[in-house]
Amino acid sequence: MATKKAKTASKSKSSAATKTQKAKTTTSSIKKKTETLKAETFTATPQQSGLVKSFFSKKYTETEDASTIFQRPAFIGALVAEIIGVFLLTTLFLMLQANPHFIWLSVIGVTILVYSISGANLNPLVTLGLAVTRRISAIRAVFYILAQAIGAMLAFVMLRSFISVHPEVSAEMAQFGQHAPELFTMLPLPADGEWHVLAIELIGAIIIGLFFARALQYRKSVFTFAATVGLGVSAAVIFASVATMFIGGGSFALNPAIALSMEAFNNDAIALNWGLLVYLIAPLAGGIIGFILNDILATSTNTLEK
C-alpha cells in the first residue's frame, strides 16, 4: 500500500515537473517571438536613450542598396507613385496660385492616393528628413527625390504646353478684363530682403517636417495621417503667404521640386546663388530640423513619463 502511494506521489511530481517545464518552454518561446516582432516592427519613436543616438539610430529593417533595390517591384511602384503624386501637387499648386485653402484639400487627396504605395513623401525636404533620421534608407531617398523632381517638371511642361496653344487675347477683349492665362511664377526677391525669404522657406519647411514626423504615429489610419500632413502644409503656406506680404514681395515654394518647376534656379529675376540658397538649401535644412525637433520632443516626453 505504501509502495502504491509512493509511486502515485512520484508520478504526480513527475507530471507536475513536466507541466512546469512545458510552461517555461512556452513562456520562453513567446518571449522570443515578441522580441523578434519588436525588432522587425517599424517605429518612428527613438530607440536609444541618448538624444543624438536616437536621431541617427536605424528605424527600418530592410537592407537596401543600389544592387538589390530595383529587384523589388514594390520599389518601382513607389517611384511611379511619387512621380504621379508630385505631378498632381505641382499642377494644383501652380493652377491654384498656392491658395492655402485648396492646398490643404489637395495634399490630403494626393496623400491618400499614394500613401499605401510610397509613403507619400511628395517633397524632397520630407524625404531628406526621413533619411537623415534613419527612417528610410539613403538609396531610397536619392531615387525618391529624383522621382519627385521628374514629377514636378512633367507638370510644368504640361501646363506650359496648354498655355502655348491658347489664342491671343484681342485688344477689344482686353478692355473687358480678359487676359491670357499665365502660370504662377517666381517673383523677384525683394530688395535687401533675400534673407527674409530664406527665413520664410526655412521656417515653413520646419513646420512641414515637424507635422509629417508627428503624423507617422497615425500611419495606421491613412485619413488621420493625410489630414495631419495636410494641416501642416496648409499652416506652412498660410505662414509663408502672410510673411511675404509683410516683407513687401517675393515668392515661396516650400518644396524644392516645385521650385525647380517654377524656374526658381534659372529665373532672370533671381540670381542663381540666391535661388539655390533660398529655394533648395533652406527648405532641405528646414525639413531635417523639423524631424530632429520631433525626435527631441518625443524623447523628452518618454523620459518624463519614465
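Is phenylalanine 75 buried or exposed, and what is its relative accessible area? In this predicted model, phenylalanine 75 is buried, its relative accessible area being 0%. The close-ups below start from that residue.

**View 1. Phenylalanine 75 meets phenylalanine 143 edge-to-face.** Among the 5 aromatic pairs that the structure holds, here is one whose ring centres lie 6.1 Å apart, with the planes at 85 degrees. Because angles over 60 degrees count as edge-to-face, the pair falls in that class. Distant parts of the chain are linked here: phenylalanine 75 belongs to helix H3 (residues 73-95) and phenylalanine 143 to helix H6 (residues 138-164), 68 residues apart. While phenylalanine 75 is buried, phenylalanine 143 is partly exposed, at 23% relative accessible area.

**View 2. Phenylalanine 212 and phenylalanine 225 pair up edge-to-face.** Take a look at the two rings: they sit 5.4 Å centre to centre, with 85 degrees between the planes. Phenylalanine 212 comes from helix H8 and phenylalanine 225 from helix H9, 13 residues apart. Phenylalanine 212 is buried at 2% relative accessibility, and phenylalanine 225 is buried too, at 0%. Both rings also belong to a cluster that ring pairs build with Tyr115 and Phe291.

**View 3. Helices H8 and H9 pack roughly antiparallel to each other.** Helix H8 (residues 194-215) and helix H9 (residues 222-246) meet at an angle of about 170 degrees, and their axes are 8 Å apart. Residues making the contact include Ile200, Gly204, Ile207 and Phe211 of H8, and Val229, Gly232, Ala236 and Phe239 of H9. Sorted by class, this contact has 16 nonpolar residues, 4 polar ones and no charged ones.

How values were computed
Residues are numbered from 1 along each chain as its sequence is written. This is a predicted model: local features need pLDDT of at least 70, side-chain atom pairs count only at pLDDT 80 or more; totals for chains, interfaces and linings use all residues. Side-chain values use heavy atoms; hydrogens and water are left out. Axes are lines fitted to C-alpha atoms, for helices over the stretch in contact, and angles run from 0 to 180 degrees between N-to-C directions. Helices (H or I, at least four residues) and strands (E, at least two) are DSSP runs, numbered from the N terminus. Angles under 35 degrees count as roughly parallel, over 145 as roughly antiparallel, 65 to 115 as roughly perpendicular and the rest as oblique. Contact means heavy atoms within 4.5 Å. Ala, Val, Leu, Ile, Met, Phe, Trp, Tyr, Cys and Pro count as nonpolar, Asp, Glu, Lys and Arg as charged, and the others, Gly among them, as polar. Rings of Phe, Tyr and Trp (its six-membered ring) pair if their centres lie within 6.5 Å; planes under 30 degrees apart count as stacked, over 60 as edge-to-face and the rest as tilted. Buried means under 20% relative accessible area, exposed over 50%, partly exposed in between (1.4 Å probe, protein chains only).
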